[in-house]
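New notebook page, new structure.

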Amino acid sequence: MSSPEIASLSWGHMKVQGCSSSYKDCKVWPGGSRAWDWRETGTDHHPGVQPADLEEVLKKGVELLVIGRGMSEALQVPSTTVDYVKQKGVEIRVLQTEKAVAEYNKLVGEGAKVGGVFHSTC
């Protein structure tokens, strides 16, 4: 099962291939996607992405995780979160969102078992 490509990205708006709705922030994994609702885990720009934000994607059997920190990289990714992902045996790449989406789509095209979480504003 392959990961869906990110079909388009603009400020506050993301479209995932094969999905009829659009997202502000989203999670993607082999075979699916959904909105990333920060309220579920109490996430905010500071301290940023928490392990709880990533658990759902990590459970989908990804070998590589891409995190998009926002257009201006306002969303923080603490070293404890990076360490958590690495301890699960998953490679992680943390990038500005436009670069993260490009990297994610490149990996999808290569057939990688890749997942991602992307913030599409600040």
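Predicted model: local features only at pLDDT ≥ 70, side-chain atom pairs only at ≥ 80, totals over all residues.

Entry one, the tryptophans. I checked Trp36 and Trp38, and both are buried. Their rings form a tilted aromatic pair, with 5.7 Å from centre to centre and 55° between the planes. I also found Lys24 over the face of Trp38, at 5.9 Å from the ring centre.

Entry two, the other pair. I count two aromatic pairs in the structure. Tyr104 and Phe118 have ring centres 5.5 Å apart and planes at 75°, so I log this pair as edge-to-face; the cut-off for that is over 60 degrees. Tyr104 sits in helix 3 (residues 97–109) and Phe118 in strand 8 (residues 114–119), so the pair ties together parts 14 residues apart in sequence. I looked up burial too: Tyr104 and Phe118 are both buried.

In what order do the five strands of the open sheet run? I read 5-4-8-6-7, with mixed pairing. Strand 5 (32–35) and strand 7 (91–95) are at the edges with a single partner strand each, so one side of each has no neighbour in the sheet. The twist from one strand to the next averages 10°. Strand 7 pairs with strand 6 (residues 64–68) in the parallel sense, over five bridges. Leu65 stands opposite Ile92 of strand 7.

Helix 1 (residues 51–58) lies across strands 4, 5, 6 and 8, at about 35° to strand 4 (25–29). Helix 3 lies across strands 4, 6, 7 and 8, and runs at about 160° to strand 8.

Conventions. Residues numbered from 1 in each chain as written. Heavy atoms only, no water. Phe/Tyr/Trp six-rings, centres within 6.5 Å; stacked < 30°, edge-to-face > 60°. Buried < 20%, exposed > 50% of the residue type's maximum accessible area, 1.4 Å probe, protein only. Helix = DSSP H or I, 4+ residues; strand = E, 2+ residues; numbered from the N terminus. Lys NZ or Arg CZ within 6 Å of the ring centre and 35° of its normal. Pairing = 2+ DSSP bridges. Axes fitted to C-alpha atoms, helices over the stretch in contact; angles between N-to-C directions. Contact = heavy atoms within 4.5 Å.
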